[in-house]
Amino acid sequence: MDCLLPGAPGPNAQPTMLGVMGGGQLARMFVHAAQAMGYATAVLDPDATSPAGRVSHLHVKTAYDDAQGLAHLARHCAAVTTEFENVPAPSLAWLAGQRPVAPGAAAVAICQQRAAEKAHFTRCGVPCAPYAVIETQDDLRAADAALFPAILKTAQLGYDGKGQLAVATLNALAPAWQQLGQVSCVLEKRLALRQEISVIVARAGSGDWVHLPVQQNLHRDGILAVTQVPAPDIEPVLAARAVEMAGRVAASMDYVGVLCVEFFVLQDGTLVANEMAPRPHNSGHYSIDACDVSQFELQLRCMAALPLPAPRQHSAAVMLNLLGDLWFEPGRESPSTPPWQRVLQLPGTHLHLYGKAEARRGRKMGHLTVTAADAQGAREVALEAAMRLGLPAF
Ligand code: ADP
Ligand code: MG
């Protein structure tokens with residue numbers, strides 16, 4: 001595919017328009033990166049107040065499988081990407097018949113189904129947690145006792161720990177499956193985790209790929225809370241192994257675009273793939289402020305077939321996720337603005353707010369990246385920022 005350059009200036013010139021399926025914060029940050037390079041952008045999202053729709057040149061407000069909406073997007077855009085894995089695969093496949101689409105529908109289809117995802121990890125020799133697919137009453141009865149204590153996860157549409165239940169014993173499995181609506185699930189052994197890490201790779205159509213440094217992630221209640229880069233507790237050999245595995249996972253799907261692979265590090269240092277996302281990832285947001293190319297610019301470069309030099313991290317970084325809870329002081333019903341001034345007094349703080357219409361508990365409203373010359377410095381400032389925001393230490 002030829003490079004899709006932004007377009008020549010001139011009184012009647014139209015900048016090249018790039019499209020994204022989905023209008024949440026990931027699409028918004030993609031739009032920012034694309035516009036900074038001179039592209040115009042289009043977002044398809046049914047929500048009139050979507051964070052990316054609000055900052056894009058064109059906002060197609062239809063369902064993700066609406067034929068007219070898709071045709072509208074294809075007509076205006078030179079290429080299309082996605083910000084979430086739950087875009088209907090047939091929609092991406094249809095778009096791919098009109099325009100370059102990265103990542104492709106087949107790869108997205110793997111990433112949107114946990115069982116398919118685990119089968120893919122296994123196919124490329126990347127270990128994942130022991131699991132069983134639960135789709136029928138017979139599957140319940142056949143579940144291996146060695147999987148317990150376990151976590152039952154819906155195979156599709158889960159995120160931020162939603163659609164997951166802890167299942168202590170075989171007896172508790174049937175009621176848990178009932179509670180999840182008896183949809184297709186995976187039953188996964190609960191592992192003792194030493195750390196959680198993630199790797200973001202960007203892969204071009206030529207097969208060349210680059211990666212961001214390994215991120216160390218802390219989750220609270222199933223939601224990402226803190227990302228530290230460089231990863232404070234990960235030995236270089238382990239990091240290198242994770243990068244190699246993520247590259248292998250991408251290559252074996254013929255992947256084009258940005259892919260994030262989440263890994264568990266077990267007590268004995270074993271690496272186990274958890275899940276993957278066919279898009280930029282919350283754990284890569286630090287790259288906007290701490291790397292010479294962000295994960296969103298990488299997404300842009302992949303879809304527009306631009307060159308893909310290796311990213312370099314120029315500052316140590318700690319990212320704190322800012323959930324809607326921050327807007328609700330204890331004992332108060334109505335939302336109030338968090339103390340940004342006190343946070344922004346601290347050196348190296350970069351506040352990103354996603355422009356969401358309403359703050360709700362557990363909703364991702366923004367993130368704060370702290371950059372510093374070294375990891376120790378970033379951590380100290382991030383701990384102070386967390387304290388000023390009333391967030392727990394890490
Ligand atoms: P989501 O799609 O909601 O991110 P994940 O499968 O990544 O779902 O699970 C969210 C978090 O729950 C993980 O980051 C991890 O902290 C914890 N978790 C998930 N699966 C396991 C497991 N098998 N063993 C231990 N902890 C797990
Ligand atoms: Mg996850």
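Asp-160 and Lys-364 form a salt bridge, their closest N and O atoms being 3.0 Å apart; the term denotes a side-chain nitrogen of Lys or Arg within 4 Å of a carboxyl oxygen of Asp or Glu. The model is predicted, and local features need pLDDT of at least 70, side-chain atom pairs count only at pLDDT 80 or more, and totals for chains, interfaces and linings use all residues. Residues are numbered from 1 along each chain as its sequence is written, chains are lettered from A and ligands numbered from 1 in the order in which they are written, and side-chain values use heavy atoms, with hydrogens and water left out.

The protein is divided into domain 1 (17-101), domain 2 (130-189) and domain 3 (193-389), with bounds that come from an automatic or database domain assignment. Four residues from domain 2 and six residues from domain 3 take part in the contact between these two domains, where contact means heavy atoms within 4.5 Å. The C-alpha centres of domain 2 and domain 3 lie 29 Å apart. Between them the two domains bury about 320 Å², 31% of it on carbon and sulfur atoms; this is the accessible area (1.4 Å probe) that two parts lose on being put together, summed over both. The count between domain 2 and domain 3 is one salt bridge.

The cysteines form zero disulfides, a disulfide being a pair of cysteine sulfur atoms within 2.5 Å.
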